[in-house]
Amino acid sequence: MADNNTQTQFEGLNTDYVYENRRYVGRKETVGFVLWDAAQSFNIDKYTDRFITNIVQVDLSLQMIEQAINGVWDIVNDIFMGAIVDRTRTRWGKFKPYLLLLAIPGLIGTCLYWLMPLIFEGRTSMDLTKFIFYFLLAFIREGIGTFQTISRNGMMATITPHPVDRTRLITLANFASGTFGEKLPEQITTVILDLIDNSVFKTKKSTLYLTTFVGMGVFTTFISSGMSMWYFMNSRERVMQSVEKPDIMQGVKSIINNKPILLLTLSDFLGGFSIGGSKSDYYIDVLHLASMTMITGIAAAPVSPISYAYVPFLRRHFSSRFLYISSNYISTFLNIAVFGVGIIGMNWKTKKGGIYQSTIGMLIVMSIYELIWTLFYGTKSVIGTEMYNESMDYCEWKNGYRTEAMTSVAKGIASKVSSKVSSLVRTWLKNLIKYDQTAYISGKEQTDSVKFYLFAMFTIIPAITGSLGIIPMLFYDLDGKKKEIMYAELLERRAALQKAADEGDTTALASASKEQLESIENRK
């Protein structure tokens, strides 16, 4: 491998400044980055499955067809769009143009999505016109979303060349957006749904549900789009791309010989086979308390901002591998415990009874769950993103060029294959357990059997099917001295290239590029 003898070859290299508090991103752009991060969660996407299944009422069998076909399209378009983005070179950067140009089409597509109940009011769940519109809209939104996701991931890795500055931005954004209301629309919607479900309002339930989903969906779409657009207009890409545009084979090569990204990709792939249902389905259809998420989070709320405070300490004293596994898979162990407690007192033959059907009992159980899980929340929010960014820097260090788009595509395809399969199976399971799509708006109860399976589908089933993702991360080794040496050399290399570019000295630029390539070859 190219980096086997890294430590001996670069013993004289100064690595002391790698963890210094260097800042490249100014206050205005930092505020924009925080708003942009908040915009990703300023929505009611938590309820999209319920929206399509219970409000738009697309039949579950038709949903399976859409998921299967659109899943293939999702994977295929990634490859071509990733190659296009990686070969993009403009005065505005490599990723920013796509984020700007596709913002308006993305806004229109998302608004049409939330307006479907009005467009197809009164149509049956098997109506083909409604299904075709839903299918084509999903097809188009998926293409736009692919460009936006690739570009968003690329921007995250290029807005600053220094790892500490990047960690600061990610931590600040997650802390600020989590503390100051990025989940507010979701929380407001949750409370309203509970009030409707428990017949607090006198108006017809179907009308209230329709108004809530359409109104909140369109409102959050406009606000989040505005927040994102403001950041796009005021952001910069600071990591220089190579003058030579990498071809598809170079992109593939950069993935194959990038051990960190291979392990992250494999982990996502295996973890993506986590098959199960949503917690909100269980809270709404079994306990009739969508606000359970908010109530159980009260005790954990003060812990959330604190969980970000010790991230820098953990980053310096524990390996990325340990932090990734512990923060990403703590929920797996907690879900097993929740299932074990929930089935206490249940009649296995009728599936009736048990703590899982007790609102008070599950309130206590899930409050403990949320408290423990929140202790790891800050680390989980930062470590995964930063490990991906480090793997991009590793690609540049090892190959002399960056392929953020193709790498993002490869990682995305692996996780999408498994998640699409899981989504398809999840919809099939709902159909299999005879989930009643009309019960929600008509006020009927699901059967005890369905209630139990909804409970199992958010606890024990995903815990068992998703735990394989831990295995690849046991071999992750981009830590300690190896990482320090990588950043020490990268920062010096980038400084030389930037100086030559700023001075417009093509000879010096060529010389710096030649030295960079020689440095890479010496490590092979």
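User: How do the axes of H18 and H23 cross, and within what distance do they come?

Analyst: This is a predicted model. In it, the axes of helix H18 (residues 320–342) and helix H23 (residues 448–458) come within 9 Å and cross at roughly 155°. Angles over 145 degrees count as roughly antiparallel, so H18 is roughly antiparallel to H23.

User: Which residues meet there?

Analyst: From H18 the contact takes in Asn335, Val338, Phe339 and Gly342, and these meet Phe452, Phe455, Ala456 and Phe458 of H23.

User: And how does that contact divide by class?

Analyst: The contact of H18 with H23 has six nonpolar and two polar residues, with no charged residues.

User: What about H10 and H11: at what angle do their axes cross?

Analyst: The angle is roughly 175°, and the axes of helix H10 (residues 184–197) and helix H11 (residues 205–233) come within 10 Å. H10 and H11 are therefore roughly antiparallel to each other.

User: Which residues make that contact?

Analyst: H10 contributes Pro185, Thr189, Ile192, Leu193, Ile196 and Asp197. On the side of H11, the contact is made by Lys205, Leu208, Tyr209, Thr212, Phe213, Met216 and Thr220. By class, the residues of the contact of H10 with H11 are eight nonpolar, three polar and two charged.

User: Stepping back, how many helices and strands does the chain have?

Analyst: The chain has 27 helices and two strands. It is made up of 524 residues, of which 54% count as buried.

User: Start with Glu386. What does it pair with?

Analyst: Glu386 forms a salt bridge with Arg166, and the closest N and O atoms are 3.1 Å apart. Glu386 sits in helix H20 (residues 377–399) and Arg166 in helix H9 (residues 163–179), so this pair links distant parts of the chain, 220 residues apart.

User: Are those two buried or exposed?

Analyst: Both Glu386 and Arg166 are buried.

User: Which salt bridge does Asp393 form?

Analyst: Asp393 also forms a salt bridge with Arg166, with the closest N and O atoms 2.9 Å apart. Asp393 lies in helix H20 and Arg166 in helix H9, so the pair ties together parts that are 227 residues apart in sequence. Asp393 is buried, as is Arg166.

User: And where are Asp281 and Lys430?

Analyst: Asp281 is in helix H14 (residues 279–285) and Lys430 in helix H21 (residues 404–432), 149 residues apart. The side chains of Asp281 and Lys430 meet in a salt bridge at 3.0 Å, N to O. Asp281 and Lys430 are both buried.

User: Which residues are joined into one network with them?

Analyst: Salt bridges that share partners join Arg50, Asp281, Asp285 and Lys430 into one network.

User: Now the backbone. What is the phi of Gln57?

Analyst: The phi of Gln57 is near 60°, a positive value in a residue other than glycine. Most residues other than glycine have a negative phi. Gln57 is placed in the loop between helix H3 (48–56) and helix H4 (60–86).

User: Why does Gln57 count as buried?

Analyst: Gln57 has 18% relative accessibility, and buried means under 20%.

User: What about the phi of His288?

Analyst: His288 has a positive phi of about 55°, although it is not a glycine. His288 is in the loop between H14 and helix H15 (292–296). With a relative accessible area of 22%, His288 is partly exposed.

User: Last topic: how many residues does H2 have, and how far does it reach?

Analyst: Helix H2 (residues 27–39) has 13 residues and reaches 18 Å from its first C-alpha to its last, close to the 18 Å expected at 1.5 Å a residue. The buried residues of H2 include Phe33, Val34 and Trp36.

User: Which residues of H13 are buried?

Analyst: In H13, the buried residues are Pro260, Ile261, Leu263, Leu264, Thr265, Ser267 and Gly271. Helix H13 (residues 259–271) has 13 residues and reaches 18 Å from its first C-alpha to its last.

Notes: Residues numbered from 1 in each chain as written. Predicted model: local features only at pLDDT ≥ 70, side-chain atom pairs only at ≥ 80, totals over all residues. Heavy atoms only, no water. Helix = DSSP H or I, 4+ residues; strand = E, 2+ residues; numbered from the N terminus. Expected span 1.5 Å × (residues − 1). Buried < 20%, exposed > 50% of the residue type's maximum accessible area, 1.4 Å probe, protein only. Axes fitted to C-alpha atoms, helices over the stretch in contact; angles between N-to-C directions. Parallel < 35°, antiparallel > 145°, perpendicular 65-115°, else oblique. Contact = heavy atoms within 4.5 Å. Nonpolar A, V, L, I, M, F, W, Y, C, P; charged D, E, K, R; others polar. Salt bridge = Lys/Arg side-chain N within 4 Å of Asp/Glu carboxyl O.
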